[in-house]
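Here are some notes for a colleague who has not looked at this structure before. They are set out as numbered points, to be read beside the model.

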Amino acid sequence: MNPILIAIIILGSVALLSALLLGIASRVFHVNENPLIASVGEALPGVNCGGCGYPGCANYAKAIVDNNVEVTLCAPGGNEVIAKISALLGRAVVAKDAEVARLSCFGKPEFCAPRCDYQGIQTCRAANLQNGGQKKCLYGCLGFGDCVSVCPFGAMSMVDGLPFIDEEKCTGCAICVRECPKKLLTLQNKKRQVYLHCASKEFGKVVKEACTVGCNGCSLCARKCPEKALTMVDNLPIWDWSKCTQCGLCAKVCPSRIIFLDGRPVPKEAKEAPSA
Amino acid sequence: MSDILLIIVGAVLVQNFVLTRFLGICPFMGVSRNLETALGMGGAVIFVMVLANAITWLIHHFLLAPYHLEYLLTIAFILVIASLVQLVEMILKKVSPALNQALGIYLPLITTNCAVLGCAILCITFRYDFIRTVVFGGASAVGFTFALVLFSGIRERLEFSRIPRFVQGLPLNFITAGILSMAFMGFAGLVK
């Protein structure tokens with residue numbers, strides 16, 4: 001008999017036998033996995049950003065089904081995914097407002113000068129270890145873009161020495177929030193129009209010496225607010241969002257114009273109109 | 001009887017698969033982070049190696065050798081070992097899902113674990129009979145587990161040590177493995 005034929009027959013029969021055995025074994029040792037886990041996993045966006053606190057979408061899906069974890073933790077998926085998963089699980093749909101990361105600093109290098117020539121490792125984290133970084137303002141954004149480099153969605157870019165967040169692309173996964181050594185990035189409700197771009201808790205004089213666009217704690221915004229939604233805490237206005245009607249008056253009266261309205265500082269001429 | 005004892009001592013200590021023959025380094029580096037997974041991996045390897053050795057010996061002696069197909073040794077053995085690993089994975093998934101999760105990617109990697117294939121081929125080279133083949137497989141796997149457990153114990157200790165940054169992680173693992181291997185050189189000549 002042809003030796004090639006023998007080789008084929010013998011190897012083929014060994015393979016067939018193993019396949020048969022495996023087939024039987026897969027029946028005998030079949031594990032019933034909850035099919036819900038797979039379908040919930042499919043509903044999740046699958047970007048594995050870890051924003052929910054679980055290592056990857058598959059593990060979050062397992063946690064939802066097995067441990068009844070709430071379904072609202074997926075920031076990139078947003079309301080669409082929440083609705084889908086709620087429908088799968090037969091739970092009531094909980095709507096959640098979209099959140100985006102926002103930066104609490106407007107101290108571009110032209111407004112807030114460096115106090116030294118920092119030549120170390122070019123990351124915020126490293127610079128922050130050197131006595132709080134190179135900026136005159138100890139609360140200011142260091143501008144090395146640690147947040148930009150960790151953003152998995154390409155929503156951030158460096159513009160004029162500060163990270164710019166594209167709110168259309170930002171999914172609110174909060175990875176940049178955890179990365180910032182100055183804790184300047186926070187998740188904010190996307191619908192909120194007014195937002196203070198300063199985090200300095202210093203008194204007015206110290207703030208003004210360091211930065212021309214810092215909040216000096218004049219409390220004009222708090223006094224002018226028609227809804228009394230603002231209170232001054234640590235020389236910074238704090239919003240009570242339940243009272244705020246997004247009228248934007250605080251943004252218009254701010255002398256430093258660092259309360260942004262709709263993602264932009266209010267231009268100078270608009271500032272005069274309401275006070276007149 | 002005494003030569004079976006010699007095979008056991010030889011496979012576990014003198015010709016240790018990881019530390020003297022340098023086979024199966026991949027799981028040795030990969031799954032030795034803590035004792036528990038090391039023991040789990042060791043268990044899986046013992047199971048696979050004994051079974052693989054028994055089956056490959058039968059295949060060699062009753063299928064390949066009579067038809068002079070020794071040149072098919074590697075592919076036939078890999079075939080059997082791959083299916084065996086699949087089987088072990090199925091059983092583990094059913095019996096111990098936690099262990100299955102802990103072993104992760106390394107369980108399928110036994111498929112291409114050179115220690116398993118090496119062990120099977122060595123038995124053919126040494127012209128062992130069936131009993132000796134099975135004993136050699138078991139002893140080799142025990143030696144593998146022994147090395148893995150020793151190494152993971154050392155690694156667990158090192159986790160809490162102050163280590164210069166430039167050797168942290170993989171470099172230190174290789175240095176440790178090298179020293180461990182040198183220690184095993186002390187057994188050389190114990191069994192001829």
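**Notes on the two chains**

1. The crossing of α3(B) and α8(B) is right-handed. The model is a predicted one. Within it, the axes of α3(B) and α8(B) come within 8 Å, and the crossing angle is roughly 165°. An angle over 145 degrees counts as roughly antiparallel, and α3(B) and α8(B) are therefore roughly antiparallel to each other. Sorted by class, the contact of α3(B) with α8(B) has 19 nonpolar residues, nine polar and one charged.

2. Helix α2 (residues 35–43) of chain A and helix α4 (residues 78–89) of chain A have axes that come within 9 Å and cross at roughly 165°. That angle makes α2(A) roughly antiparallel to α4(A). The crossing of α2(A) and α4(A) is right-handed. On the α2(A) side the contact is made by A:L36, A:S39, A:V40 and A:A43, and on the α4(A) side by A:V81, A:K84, A:I85 and A:L88. By class, the contact of α2(A) with α4(A) has six nonpolar residues, one polar and one charged.

3. Which residues have the most contacts inside the largest nonpolar core? They are B:V48 and B:V116, in a core of 50 residues. Two or more residues of this core come from each of α1 (2–14), α3 (35–64), α4 (73–95), α7 (114–125), α8 (130–159) and α9 (170–184) of chain B. The largest share of the core, eleven residues, is given by α3(B).

4. B:V48 deserves a separate look. Leaving aside residues up to four places away in sequence, B:V48 touches B:L84, B:V85, B:V88, B:I110 and B:V116. Apart from the core that holds B:V48 lies another core, of 46 residues, and among its members are A:L103, A:C112, A:V194 and A:L196.

5. Where the chains meet, 16 residues of chain B are in contact with 13 residues of chain A. On the side of chain B that touches chain A, the elements giving two or more residues are α3 and α4 of chain B. Of these, α4(B) gives the most, with eleven residues. The residues on this side of chain B divide into twelve nonpolar, two polar and two charged.

6. Is B:M29 buried, partly exposed or exposed? B:M29 has 16 other C-beta atoms within 10 Å. A residue is buried at 20 or more and exposed at 12 or fewer, so B:M29 is partly exposed. B:M29 lies in helix α2 (residues 25–30) of chain B. B:M29 and B:A177 are 148 residues apart in sequence, while their C-alpha atoms are 8.8 Å apart in space.

7. Some totals for chain A close the list. Chain A has eleven helices and nine strands. Of the 276 residues in chain A, 33% are buried. Among the contacts in chain A with a separation of 6 or more, 54% are between residues 24 or more positions apart.

Technical notes
Residues numbered from 1 in each chain as written. Chains lettered and ligands numbered in written order. Predicted model: local features only at pLDDT ≥ 70, side-chain atom pairs only at ≥ 80, totals over all residues. Core = buried A, V, L, I, M, F, W, Y, C linked by C-beta atoms within 7 Å. Helix = DSSP H or I, 4+ residues; strand = E, 2+ residues; numbered from the N terminus. Contact = placed C-beta atoms within 7 Å. Nonpolar A, V, L, I, M, F, W, Y, C, P; charged D, E, K, R; others polar. Axes fitted to C-alpha atoms, helices over the stretch in contact; angles between N-to-C directions. Parallel < 35°, antiparallel > 145°, perpendicular 65-115°, else oblique. Left-handed = near helix turned anticlockwise from the far one by under 90°.
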